[in-house]
Every structure is written in C-alpha cells, then in structure tokens.
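Below is a short note on a protein model and its ligand. Please read it with the structure open.

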Amino acid sequence: MPRYVALIPAAGSGSRMLAELPKQYAPLAGRPLLQHAVSTLCAHPLISQVFVVLSPGDRHFGACDWSACGDKLLPLYCGGETRAASVFNGLLAANNAIDGPDWVLVHDAARPCLRAADIDRLIAAVGDGDSGGLLAVPVADTLKRANADGEVLQTAPREHLWRAQTPQMFRYRVLIEALRRADIAAVTDESSAVEQTGARPLLVAGSGANLKVTYPEDLALAELILAQRECR
Ligand code: CTP
Ligand code: MG
C-alpha cells in the first residue's frame, strides 16, 4: 500500500512580515508558527512521516520543543533560493524514505490553521489515481483588472476560478519528475509543475480559515481562528 508523507517547506525568510525573526518562528498562540502545522500533520494517523525543509543556516528549529511529535518528524537542512527549490531539495533528500507510488502532501509552514478534517477530505477526494490534488477555495469576490495606476479596466469573470492552498498531494515519482522538468523559477506551487506534464490535479474545496500568514495582520487573524477553536 502506498504511504502518505508530509513535506513542509519552511526555509523562507518571511520578508513581507517585516520582522527580525523568520515568520515560521513568529510566536502564534503560545507556540512558534511552524509548530502548528507540524503538530497537526504529525498527529494525523494516516501520515507516517513529516519532513520539514529548513534553511541550511537555521538556528531556531533545534531550540523548539518537538517532543510531542515523536519520531515521525524529520528536519532536512536543505532549503533553496525559492519555495519550489526547497520542495525539490527536500524530495531529493528524503529519497531513501519514500517510494515512487507514495503520496507526498506538501504543506506551507505558513498555514498554521490546517485541520485534520481538511487532510481527511483531501486524501479521500484524491483517491488512488495518479493526478493528485490540492485544497482550494472558490473565488468569492468580484475581480477587477486594473492598469498600472490602479484604475479599473475590466471586471473579470470569476466563474471556475479558485484560490490554491496547501496541502497539495502528489505521488512522489510524479512530483519529483514534474519539478525536475519544470522551470523552477516559474513554479509557485506543486500543482503548476504537475499541470505542465498534462495532468489535471483535482481541486478539493477547503476552508478560508486555512489562510497563509503573509503580512503582519495575518498573524492576528490566525490567532483568532485558533483561539475560537480552543473555545469549542
Ligand atoms: N519557503 C521555503 N523556501 C524558500 C521560500 C519559501 O521553504 N526559499 C517556504 C516558506 O518558509 C513558507 C512557504 O514556503 O512556509 C510559503 O512561502 P511564503 O509564504 O512566500 O514565505 P516566505 O517566502 O518566507 O515569505 P516572503 O515571500 O514574504 O519572503
Ligand atoms: Mg515567498
């Protein structure tokens, strides 16, 4: 039976957060931001291993308490210049621990509000084909195309448009071959690399609460989402 493993790119600098500390270590609800997604993935019964791709010079990971994650958690100090390069390097480094048909769930460290139910839904919907899939949310806002001065040129139809999230899950051999062939500088998510091979990954409706912390105000929103869950 193919296994499910998670790979978390966490080698960015978080430049848009405008903070000294890389954003994956920003304090969020009493823990480093990275620890939220890592804990959720390590606790999931279907996921056998969680690889975290860190910058080669990372000095923060070792200072965090990972004891609750047990031996599922494996840090890889091989992050690259871009997110896609970090994912590719991580896949290469984990080569001995993953077989070709195994599923890799790539999840941004910067999405701390992922829930086990999101993972369940993704895995169930993707099934056992070879195209893989990703969590995503249908676009709800009206879309405007603007000129360089911010003046509206056009209202763009939003029909069939989705916002891609993570996890994005693909079979190991499909993903590593897609990234090997892709122009890595142009790859913003795993799906875009796999799409270039002609496959049609499945969009699985996720939740807007699975937000990516990008700007300082996103931290407060993530904190609210996590606090509201604690109360339930
Ligand atoms: N990431 C990575 N390696 C890189 C760049 C990004 O592993 N060279 C990771 C980040 O740590 C993050 C995820 O990819 O978990 C999504 O990237 P993003 O939100 O853009 O984070 P940063 O690149 O760190 O932030 P910024 O773009 O604001 O600098
Ligand atoms: Mg970035």
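The points that follow take up the ligand site and then one serine.

1. This is a predicted model, in which local features need pLDDT of at least 70 and side-chain atom pairs count only at pLDDT 80 or more, while totals for chains, interfaces and linings use all residues. Residues are numbered from 1 along each chain as its sequence is written, chains are lettered from A and ligands numbered from 1 in the order in which they are written, and side-chain values use heavy atoms, without hydrogens and water.

2. Around ligand 1 there are 18 residues, and G14, S15, K23, S86 and K212 are the closest (a residue is near if one of its heavy atoms lies within 4 Å). This shell comprises six charged, seven polar and five nonpolar residues, with Gly counted as polar.

3. Polar contacts are pairs of N or O atoms within 3.5 Å. Backbone N or O atoms lie 2.8 Å from a ligand 1 oxygen in the case of G14 and 3.0 Å in the case of G12. The side chain of S86 places an N or O atom 2.7 Å from a nitrogen of ligand 1. Of the 560 Å² of accessible area that ligand 1 has on its own, the protein covers 88% (Shrake-Rupley method, 1.4 Å probe).

4. S192 belongs to helix α5 (residues 190-195). S192 counts as buried because its relative accessibility is 16%, buried being under 20% with a 1.4 Å probe and protein chains only. Its side chain comes to 2.8 Å from the backbone oxygen of D189.

Definitions and conventions. Polar contact = N/O pair within 3.5 Å; in protein donor to acceptor, adjacent residues only side chain to side chain. Helix = DSSP H or I, 4+ residues; strand = E, 2+ residues; numbered from the N terminus. Buried < 20%, exposed > 50% of the residue type's maximum accessible area, 1.4 Å probe, protein only.
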